[in-house]
Amino acid sequence: MKKIAFLCDSSADISKEEAEELSIHVIRMPIIIDGVSYTEAETISDHAIIEALNANKKVTTTQPSLGEILAMWKQLLETHDEVFYLPLSRELSGTCRNAIQMAKEEPFLGKVIVVDSTFACFPVVRMLEMARDMYAKGYDGAEIKRKFEEEGELFAILIPESLNALKNGGRISPAAAALAGMLKIHPLLKVEHGGIDVQDKVRTLSKAYKAGIDACLKDINPDDYHWMIIDANNRQASDELKILLEKACGQPVEQRDFKAILLSHTGPGTIGFGRYKKIKY
C-alpha cells in the first residue's frame, strides 16, 4: 500500500499538537505585526496575536514562499510515495494556483496531488481525514481530488466583534469602520465558493445571528452537511449560538477556535458558523 503524506497550511486552524496527533503535515504561514515577521505557531502564539490586535497594531498575513512549499514536498517524498495537499481556498490565496502548476512539473508530477480548493479553516482538517479514509478504501489520489473539487462545498457566516482588524489590515477603509461603529452596524460576511463577501448588515447581534442562520439553511437539506461554530476567544457567544444553530439545523454542531491566520484578519471576538458538505464515497 502507498504511504501518503497529508498536507495543509496553517489557515486550516490546526495546532501543532493536533497536527501531530492526526499525522497531518502543516506549512506554517508568516504573520506580520507592525512590520515584524513571525511564523504562526513557531515564533508567535495565538495569545500574542490577540494582544497585538487588542493594542490596535497592524496585523497582516502573507502566503508561504514557493521555495518553502517545494522544500516541504521534497522532504515528504523522501519518506512517502505521494503527497495529498489541500491548501487555502484559491480565492483567498495565490498558493493554491501556484501549487497546482508546480505539481505538474518534475519531480512532482504524479507524486503530489493538489486540490483546487474552495475550503478554509478547520473543515480542511476534516477533509484530510476523509481523504485518508478514502485512500484506505481503495480510492486513488486523482479520484479523491475530483470528488473534493466536484462535490465539496463550504458556506459560512462571519460576524466580527469589531472592524478594527479589518481596518488596520487595509481590508476596509477607516471611514467605513468609523461609520459602522457609530451606527452600531453588525456586518455579516459570507464565505462561499472559496471567497469572502458581504452577506448583510444588521443593527443588533441577535438579528445578525438570525440572518446568518437563515442564510446557512437556505435551499439546502441540513442532513447533507456537517455543521460548525468557530470563535476567536469568544466561547460564551459560541455556546449561546450553538444552541440556536442546533435547534435550527437539527444536527450536532462542532465547536472550534479560530487560530492565528484567520484571527489576524477578522480580530478577537469574531464568530463564524456554517456548514460543509458530506462527501459520499
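Visitor: How much space lies in the second largest pocket of this structure?

Guide: About 200 Å³ of space lies in the second largest pocket, where the volume is the space filled by probe spheres set on grid points joined across faces, edges and corners. Please keep in mind that this is a predicted model, in which local features need pLDDT of at least 70 and side-chain atom pairs count only at pLDDT 80 or more, while totals for chains, interfaces and linings use all residues. Residues are numbered from 1 along each chain as its sequence is written, and side-chain values use heavy atoms, with hydrogens and water left out.

Visitor: Why is H5 called oblique to H6?

Guide: The axes of H5 (residues 123-136) and H6 (residues 141-151) come within 10 Å and cross at roughly 140°. Angles under 35 degrees count as roughly parallel, over 145 as roughly antiparallel, 65 to 115 as roughly perpendicular and the rest as oblique, and therefore H5 is oblique to H6.

Visitor: Which residues of H5 and H6 make the contact?

Guide: Contact means heavy atoms within 4.5 Å, and on H5 it is made by Met127, Met130, Ala131, Met134 and Tyr135, while H6 contributes Gly141, Ile144, Lys147 and Phe148. This contact of H5 with H6 has 7 nonpolar, 1 polar and 1 charged residues. Ala, Val, Leu, Ile, Met, Phe, Trp, Tyr, Cys and Pro count as nonpolar, Asp, Glu, Lys and Arg as charged, and the others, Gly among them, as polar.

Visitor: What makes H9 oblique to H10?

Guide: The axes of H9 (residues 205-217) and H10 (residues 235-249) come within 11 Å and cross at roughly 40°, which makes H9 oblique to H10. Tyr209, Ile213 and Leu217 in H9 meet Ala237, Leu241, Leu244, Leu245, Ala248 and Cys249 in H10, and this contact divides into 9 nonpolar, no polar and no charged residues.

Visitor: Why are H3 and H4 called oblique to each other?

Guide: The axes of H3 (residues 66-77) and H4 (residues 95-102) come within 11 Å and cross at roughly 50°, and H3 and H4 are therefore oblique to each other. The contact is made by Leu66, Ile69, Leu70 and Trp73 of H3 and by Thr95, Asn98, Ala99 and Met102 of H4, giving 6 nonpolar, 2 polar and no charged residues.

Visitor: Where is Pro107 found?

Guide: Pro107 is found in the loop between H4 and strand S7 (112-114), and the peptide bond from Glu106 to Pro107 is cis, with omega near 5°.

Technical notes:
Axes fitted to C-alpha atoms, helices over the stretch in contact; angles between N-to-C directions. Helix = DSSP H or I, 4+ residues; strand = E, 2+ residues; numbered from the N terminus. 1 Å grid on protein atoms, 1.4 Å probe; cavity = no way out; pocket = protein on both sides within 12 Å on 5 of 7 lines; lining within 4 Å.
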